[in-house]
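Student: Could you walk me through this model with me asking as we go? I would like the cut-offs spelled out along the way.

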Amino acid sequence: MTTKISVEEMELQRDFIKKVAEINSTREPPVAHVHTFGCQQNVSDGEKIKGMLSEMGYGFSDKPDGADLVIFNTCAVRENAEDRVFGNLGALKHEKRRNPNMIIGVCGCMVQQAHIVEKIKRSFPHVDLVFGTNALHTLPQLIYEQLTVRKRKFYTPEGDGVIAEGIPVCRENALKVSVPIMYGCNNFCSYCIVPYVRGRERSRELADIVSEVKTAVATGAKEILLLGQNVNSYGKELGTSFSELLRQINALDGEFKICYMSSHPKDFTKELIDTIAECEKVTRHFHLPVQSGSDRILKLMNRHYGREDYFGIVDYIREKVPSAAITSDIIVGFPGETYEDFKETVSLVERVKFDSLYTFIYSPRKGTKAAEMPDPISAEEKGKWFRELLDVQEKMGENAYNRYIGQTFRVLCEGEGRTDSKLFTGKTPQDVIVDFAGDNSLVGKFVNVKITEAYNWALLGEVTE
């Protein structure tokens with residue numbers, strides 16, 4: 001059952017913020033290093049961590065050397081992310097020897113796994129604080145206890161998850177603001193650890209989200225990124241929907257654009273596609289992770305759709321939103337996948353003609369069903385399939401952006417160019433990078449850009465009236 005953190009509990013945490021701020025006011029201003037690994041949802045959590053620390057009197061450093069407090073906000077989706085965290089923790093051992101008063105904390109998805117917590121307890125005794133995804137809002141209390149008691153603390157409460165409103169936020173970018181709309185996931189794809197570490201789906205109240213977006217736009221935000229593990233299932237338990245949320249945000253005053261991530265094909269309804277077609281502020285970029293083109297593998301993945309279902313969604317998008325860009329994720333070498341299954345994926349890619357693909361070789365995650373499945377195909381063979389898929393997509397994507405030449409788009413100027421530092425950059429409504437000549441007065445403004453040239457990963461254009 002989802003728990004919404006009470007007003008009284010949040011007031012208690014604000015009291016701890018004041019107590020820590022008082023302690024920090026009696027010494028040289030302390031410095032914190034917060035390093036976030038993984039997805040955009042983690043980045044948003046990192047902004048909340050920094051928001052709380054800022055109100056507690058901490059400044060920030062982009063490196064751990066010399067910091068009074070280090071927090072690693074972790075990701076559990078792939079093994080290499082976990083390995084990087086352990087590597088960074090090991091490196092801090094020497095820093096802790098130089099500064100025994102340094103507080104080292106680990107939070108996020110990794111530490112919602114019991115075997116990870118045990119490894120930290122056993123192998124990293126210099127780590128002082130471990131707290132899970134359901135405990136983020138208690139950070140002020142946890143820091144206060146570290147400053148006053150200095151006892152190792154492991155706080156990873158289980159459960160379906162919580163919603164905590166009113167946590168202060170330190171935005172990484174005031175121009176492009178991330179707004180979580182829901183947390184957790186109910187899908188239990190057999191390869192994915194997220195439901196186990198983030199809990200079940202739970203949606204924020206629609207009015208709270210709209211209010212946060214309204215405030216962000218009023219204070220200068222020009223891009224709103226709506227976040228969730230599965231945004232298009234938003235609101236089911238509240239009697240509302242992602243379509244309704246998009247319509248209400250789209251109706252707010254101001255010139256801004258609306259993006260969202262991540263989506264699941266099984267919840268991408270015709271109603272949602274119709275809504276996006278009618279809402280002029282919503283991105284024309286549809287990221288629909290298909291994962292495989294084989295019905296047999298999709299069933300093993302527990303994805304709840306088949307390739308024909310997927311084709312139906314794509315075809316309806318292209319009918320209703322002709323300017324759409326469609327991208328996807330694909331896993332190569334899922335346990336039990338054969339070369340014939342893989343060729344089904346290739347044929348799907350050739351049929352859909354994605355604008356771009358994010359491709360991954362399967363990475364087992366302890367605690368998921370897929371990790372227990374027989375996996376006889378060698379890593380070398382999977383690597384060959386992976387390269388074959390990349391070759392197919394590269395050939396198909398070579399001229400994909402040529403269709404934009406001659407078209408004019410409303411583009412938010414974000415800053416220095418990607419193709420040339422003398423240019424400026426933004427993204428089309430299809431989320432395609434476009435560089436153009438201009439000056440610093442354009443940054444943070446929407447400009448009309450006519451596309452003049454296309455690369456296989458970006459566009460060039462010129463500002464028009």
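Tutor: What follows is a conversation about packing, aromatic pairs and backbone geometry.

Student: Before we start, what kind of model is this, and what was counted?

Tutor: This is a predicted model, in which local features need pLDDT of at least 70 and side-chain atom pairs count only at pLDDT 80 or more, while totals for chains, interfaces and linings use all residues. Residues are numbered from 1 along each chain as its sequence is written, and side-chain values use heavy atoms, with hydrogens and water left out.

Student: OK, how many residues are in the largest nonpolar core?

Tutor: The largest nonpolar core has 67 residues, a nonpolar core being a set of buried Ala, Val, Leu, Ile, Met, Phe, Trp, Tyr and Cys residues joined through side-chain atoms within 4.5 Å. Buried here means under 20% relative accessible area, with exposed over 50% and partly exposed in between (1.4 Å probe, protein chains only). The residues with the most contacts inside this core are Ile 224, Leu 226, Phe 242, Leu 245 and Ile 249.

Student: And what does Phe 242 touch?

Tutor: Leaving aside neighbours within four places in sequence, Phe 242 is in contact (heavy atoms within 4.5 Å) with Ile 181, Leu 226, Val 231, Asn 232, Tyr 234, Tyr 260 and Leu 272.

Student: How do helix 8 and helix 9 sit relative to each other?

Tutor: The axes of helix 8 (residues 242-250) and helix 9 (residues 270-278) come within 9 Å and cross at roughly 10°. Axes are lines fitted to C-alpha atoms, for helices over the stretch in contact, with angles running from 0 to 180 degrees between N-to-C directions, and the helices (H or I, at least four residues) and strands (E, at least two) are DSSP runs numbered from the N terminus. Helix 8 and helix 9 are therefore roughly parallel to each other, given that angles under 35 degrees count as roughly parallel, over 145 as roughly antiparallel, 65 to 115 as roughly perpendicular and the rest as oblique.

Student: Which residues meet there?

Tutor: From helix 8, Phe 242, Ser 243, Leu 246 and Arg 247 meet Glu 271, Leu 272, Thr 275, Ile 276 and Glu 278 of helix 9.

Student: What about the peptide bond from Met 261 to Ser 262: cis or trans?

Tutor: That bond, from Met 261 to Ser 262, is cis, with omega near 0°, and Ser 262 is likewise placed in the loop between strand 13 and helix 9. Most residues other than glycine have a negative phi, and most peptide bonds are trans.

Student: Then which phi values are positive?

Tutor: Among them is Asn 302, with phi near 65°, which is found in the loop between helix 10 (295-301) and helix 11 and is partly exposed, with a relative accessible area of 29%. Asp 431 also has a positive phi, of about 70°, although it is not a glycine; Asp 431 is in the loop between strand 19 (424-427) and strand 20 (433-436) and, at 31% relative accessibility, counts as partly exposed.

Student: New topic: how many aromatic pairs are there?

Tutor: The count comes to 15 aromatic pairs, where rings of Phe, Tyr and Trp (its six-membered ring) pair if their centres lie within 6.5 Å, and planes under 30 degrees apart count as stacked, over 60 as edge-to-face and the rest as tilted. Tyr 310 and Phe 354 form a tilted pair, at 6.3 Å centre to centre and 55° between the planes.

Student: Where are those two in the chain?

Tutor: The pair links distant parts of the chain, 44 residues apart, with Tyr 310 in helix 11 (residues 307-320) and Phe 354 in the loop between helix 12 (339-352) and strand 16 (356-361). Both Tyr 310 and Phe 354 are buried.

Student: Last one: where is Leu 89, and what does Leu 89 touch?

Tutor: Leu 89 is found in helix 3 (residues 79-98) and, at 0% relative accessibility, counts as buried. Not counting residues up to four places away in sequence, Leu 89 touches Phe 72, Ile 104, Val 106, Phe 124, His 126 and Val 127.
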